[in-house]
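Have the sequence and the coordinates open together. We will walk through the charged pairs, then visit a loop.

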Amino acid sequence: MRNSKIFDALDSLVNLFIPRRCGVCGDVLVRNERQLCTNCIQNMPLTRFWLEERNPMAERLNERIQERLVSDDIKGREPFSFALALYYYRENYRELSKKLKYKADIALGRYVAAALGRKAASCEFLKD
């Protein structure tokens with residue numbers, strides 16, 4: 001318990017001088033927020049692709065796989081590949097993607113990956 005109080009005090013002190021900011025809107029995060037502010041989490045444009053066995057992202061992926069097979073003159077069809085995305089890349093959420101891709105924000109990446117993982121774990125057709 002004592003270490004927790006010390007950690008909380010140090011965390012508060014660090015945040016006073018180097019405030020943590022939301023990965024989407026850039027607002028300063030409050031004490032219990034991690035990586036994204038509550039407002040951006042609530043307004044995230046979720047794809048809900050984990051609810052659709054064949055979703056637009058997966059269909060595009062499969063079209064590209066088939067094009068590659070034809071262009072490389074490979075016989076037979078690849079089995080259906082599944083694809084998921086947590087959110088649509090629009091508005092400020094594009095910045096989130098850029099931070100993940102180009103700035104290698106590991107903590108943010110873990111946060112987003114865990115959120116997508118929770119959605120995928122609830123997906124019945126991904127159980128196998």
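Is Arg54 buried or exposed? Arg54 is exposed, at 53% relative accessibility. The scale runs like this: buried is under 20% relative accessible area, exposed is over 50%, and partly exposed lies in between (1.4 Å probe, protein chains only).

A word on the basis. This is a predicted model, where local features need pLDDT of at least 70 and side-chain atom pairs count only at pLDDT 80 or more, while totals for chains, interfaces and linings use all residues. Residues are numbered from 1 along each chain as its sequence is written, and side-chain values use heavy atoms, with hydrogens and water left out.

Now the charges. The structure holds two salt bridges. The term means a side-chain nitrogen of Lys or Arg within 4 Å of a carboxyl oxygen of Asp or Glu. Arg54 pairs with Glu59 in one of them, with 3.7 Å between the closest N and O atoms. Glu59 is partly exposed, at 29% relative accessible area.

Lys98 and Glu95 form another salt bridge, 3.5 Å from N to O. Both residues sit in helix 4 (residues 93-102), three residues apart, so about one helical turn separates them. Helices here are DSSP runs (H or I, at least four residues), numbered from the N terminus. Lys98 is partly exposed at 42%. Glu95 is partly exposed too, at 36%.

Finally, the loop. Val30 lies between helix 1 (2-17) and helix 2 (38-42). Val30 is exposed, with a relative accessible area of 52%. Arg20 is 10 residues away from Val30 along the chain, and their C-alpha atoms are 8.3 Å apart.

Conventions:
Helix = DSSP H or I, 4+ residues; strand = E, 2+ residues; numbered from the N terminus.
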